[in-house]
Amino acid sequence: MTVPHPPTLAGRLAGHARDRAGYRAISAPAGSQTYAEFARDVARIADRLRAAGLRRGDRMAVLAHNDLAYVQLVYAASWAGIVLVGLNTRLTAAELGAVLDDCTPSLLFAEREPASELDPRCPVVLLDGPEGSEFEHWYAAGDSGCAPDAGQTGESVVLLAYTTGTTGEPKGIQLVERNLREMAEQAAAAWALHPDMRYMACLPMFRMSGMSSVTCCVHVGGEVVIPSGTSVAAIAGAVEDRGVTHTSLVPTLLADLITENTAAAFDLSSLELIIYGSAPSSSSLIDQAMEMLPHTGFSQGYGLTETCAGVAVAPIRRRGEVDRHPGSVGRVHPTCECRIVDVTTGRDVGTGADGEIWLRTPQLTIGYWNRPAETAAAISTDGWFRTGDVGMIDNDGFLYVHDRLKNVIILGGENVYSVEVENAIGAHPAVLEVAVVGVPHPHWGETVKAVVVLCRGQQLDERELDGWLEGRLARYKRPRIVEFVGDLPKAGSGEILKRALG
């Protein structure tokens, strides 16, 4: 008789260690593990975390690229009843410092290179180095491992995912075990995920899209495959070597696969499903990908970090199949409710009309870390989350996302908030006014454009502005297009008309 798995990441892993002990759980550059080995090391790490003084609800941060250790730490957090904070490796030291100040971790697990530039504010355990991984020695010596924390329930916070927010300040989104469990079950049903799947983790795990995909694979007892790099050759080679069946790709990478005619050089026939998204995707790009991989299904979804990734999924489509709802992100999950609300009146709009997308779902965050006012502003007392996205629902129940109230620019899968960039540019003494918008880009989906008005008598060029922003903003947030103008277009209220700047 199969014993039910407890509703936590650790409980799920412990169940697989019992039921799928000899099946491979992870293949990564740092090594491969079966489910029995994976659970053994996760238990040892949890034991060491407790020995280091961490207690239920304490935070530990991870600053690293995808590898075996990252996945182990995610599950060790659940095993020990600790909250994991994934740090974006692309942020500057100043930006990372703001996140660390906000979440106050007790330990930081980091790769040597980014850690060397950082004031960690807490003890650091290195995940790499010239003499090997300090982390492996940190947890392995003499540790027998412990049982999963009996106090860890579906309502326990296990992840703290940071977004910069429209104010430019870091904002931690608290996700509980129930959120991840519900997300995994809905994704498994929508995409027919199965225990024999081999999922290639290309998206970084500090992003919810990357984290959710890995936990979905482990949820069904599949194998997580982490490629040796982010180049087309590394990714295609991993597909061929491990017989990868599923993966998630941002449009940039999908375009690179097509451009380099990868299918002619590698055997990609094992691919059952490619999930695309995290940035705007053109229909022509998807059509070209289908031509290159006629045996592969393609699908996309819609979700936010606050909803623990996807809450809507588009039907899987293959070459030759008609897209009956072009531009749609699909239908919302059966357990998710969706409303389209007039932002002025607060009333629901009719079918086919635009409004703000509101969601109510078991995947929804319990709130922002130490930000009760922002939580109350985003989530109503009866559980509706105001997404800040504008969209509509058609007669068939398909959801379309048309615009972003919060002016989020999505560049190669990374969110860039215009207000944060505007604040950084506006701090330059020569700048009088600035507006930042996203404009279409053939490779990245969108790129950042800044329209700048200088103070009278001041001079500034694009190169000087970029130099000013170095160290203040991560490279991908800095504008690739800068236009200097005499004034900005404005409405009668004085509001800048950003739609005229794209």
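A: Valine 62 is found in strand E3 (residues 59-63); helices (H or I, at least four residues) and strands (E, at least two) are DSSP runs, numbered from the N terminus. The model is a predicted one, in which local features need pLDDT of at least 70 and side-chain atom pairs count only at pLDDT 80 or more, while totals for chains, interfaces and linings use all residues. Residues are numbered from 1 along each chain as its sequence is written, and side-chain values use heavy atoms, with hydrogens and water left out.

With a relative accessibility of 0%, valine 62 counts as buried. Buried means under 20% relative accessible area, exposed over 50%, and partly exposed in between (1.4 Å probe, protein chains only). Residues up to four places away in sequence aside, valine 62 touches Tyr70, Leu73, Leu84, Val85, Gly86, Leu87, Leu108 and Phe109, where contact means heavy atoms within 4.5 Å. Between valine 62 and leucine 84, which stand 22 residues apart along the chain, the C-alpha separation is 7.4 Å.

Five aromatic pairs are found in the whole structure. Phenylalanine 109 pairs with phenylalanine 135 edge-to-face, at 5.7 Å centre to centre and with 85 degrees between the planes. Rings of Phe, Tyr and Trp (its six-membered ring) pair if their centres lie within 6.5 Å; planes under 30 degrees apart count as stacked, over 60 as edge-to-face and the rest as tilted. This pair links distant parts of the chain, since phenylalanine 109 lies in strand E5 (residues 107-110) and phenylalanine 135 in helix H6 (residues 134-140), 26 residues apart. Both phenylalanine 109 and phenylalanine 135 are buried. The ring centres of phenylalanine 109 and tryptophan 138 are 5.3 Å apart with their planes at 80 degrees, so this pair too is edge-to-face. Here strand E5 supplies phenylalanine 109 and helix H6 supplies tryptophan 138, 29 residues apart; tryptophan 138 is also buried. Ring pairs join Phe109, Phe135, Trp138 and Tyr139 into a cluster.

Burial also marks another strand. In E8 (residues 171-176), six of six residues are buried. Side chains in a regular strand alternate between the two faces of the sheet. In E8, Lys171, Ile173 and Leu175 point one way and Gly172, Gln174 and Val176 the other way. E8 runs antiparallel to strand E7 (residues 157-163), to which six bridges join it; two strands pair if DSSP finds at least two bridges between them. Within this pairing, alanine 161 stands opposite isoleucine 173. E8 is also joined by two bridges to strand E18 (residues 367-368), again antiparallel, and glycine 367 in E18 is the bridge partner of glutamine 174.

Charged residues come next. The count comes to 21 salt bridges, each a side-chain nitrogen of Lys or Arg within 4 Å of a carboxyl oxygen of Asp or Glu. Arginine 121 and aspartate 101 form one of them, at 2.5 Å from N to O. Arginine 121 lies in the loop between helix H5 (112-116) and strand E6 (124-126) and aspartate 101 in helix H4 (residues 93-103), so the pair ties together parts 20 residues apart in sequence. Both partners are partly exposed, arginine 121 with a relative accessible area of 42% and aspartate 101 with 48%.

Glutamate 414 and arginine 207 also form a salt bridge, their closest N and O atoms being 3.5 Å apart. Glutamate 414 belongs to strand E22 (residues 414-417) and arginine 207 to the loop between strand E9 (198-200) and helix H8 (208-220), so parts 207 residues apart in sequence are tied together. Glutamate 414 is buried at 4% relative accessibility, and arginine 207 is buried at 13%.

Aspartate 394, placed in the loop between strand E19 (385-393) and strand E20 (399-404), is buried yet has no salt bridge. The nearest side chain of opposite charge, arginine 331, is 6.8 Å away; Lys and Arg count as positive and Asp and Glu as negative, while His and the chain ends are not counted. The side chain of aspartate 394 reaches the backbone nitrogen of phenylalanine 398 at 2.8 Å. Neighbours within four places in sequence aside, aspartate 394 is in contact with His325, Thr351 and Tyr400.

Technical notes: Polar contact = N/O pair within 3.5 Å; in protein donor to acceptor, adjacent residues only side chain to side chain.
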